[in-house]
Amino acid sequence: MDLVKPAIGLIFWMVISFSLLLFILTKFAWKPILNMIKEREHTIENSLNEANKARAEMAHLVAKNEDLLNQAKEERNKILHDAKEAAERVKADIMNTAQKQAEEKIQMAFREIEIQKKAAITEVKNTVGLMALEIAEKVIRKELKSSNEQTEFVNKLAKEANLN
């Protein structure tokens, strides 16, 4: 039971050694530990401030990037709109040019048809005229036996032909 109850002398020396240890720790170790804790606290506070600044800067950059992205989208839409308008203008120009060329070719075809028609009519008239002359010649040769009668008759026909 003596182990559980310390003696007064032991308590005295324990108090003296504890006080001495407390004094030594306070004198030599307490201030550096407190300084180190304050320094660590300051470092953590600076790190938190820098993290907040970085977060704010990131938010600013994200907003700036969104603005740039929106501007790029608007510019893209404008370019697409302008390109569509230009394509429509080119398409309309090509259509107008093709329409004009088609109309010109149709007009040329009509003129060519008209010329060919006139040439065909002229050729038919000439052929019919020649056939009529041949027939008339044959008829007249049979009826007009002498060359004088034939000459007079041809001259008469020539005068009539010149009047027409």
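I began with Phe23, which lies in helix H1, residues 8-143 (helices are DSSP runs of H or I of at least four residues, numbered from the N terminus). I noted that the model is predicted, that local features need pLDDT of at least 70 and side-chain atom pairs pLDDT 80 or more, while totals for chains, interfaces and linings use all residues. Residues are numbered from 1 along each chain as its sequence is written, and side-chain values use heavy atoms, with hydrogens and water left out.

I then looked up the cover of Phe23, which counts as exposed at 53% relative accessibility (exposed is over 50%, buried under 20%, partly exposed in between, with a 1.4 Å probe and protein chains only).

Next I turned to the rings and found one aromatic pair.

Last, I asked which residues line the largest pocket. They are Leu133, Ala136, Glu137, Ile140, Arg141, Gln150, Phe153, Val154 and Leu157 (a pocket is an open set of points on a 1 Å grid where a 1.4 Å probe fits, with protein on both sides within 12 Å along at least five of seven lines; lining residues have an atom within 4 Å of a point). H1 and helix H2 (147-163) each give two or more residues to this lining.

How values were computed:
Phe/Tyr/Trp six-rings, centres within 6.5 Å; stacked < 30°, edge-to-face > 60°.
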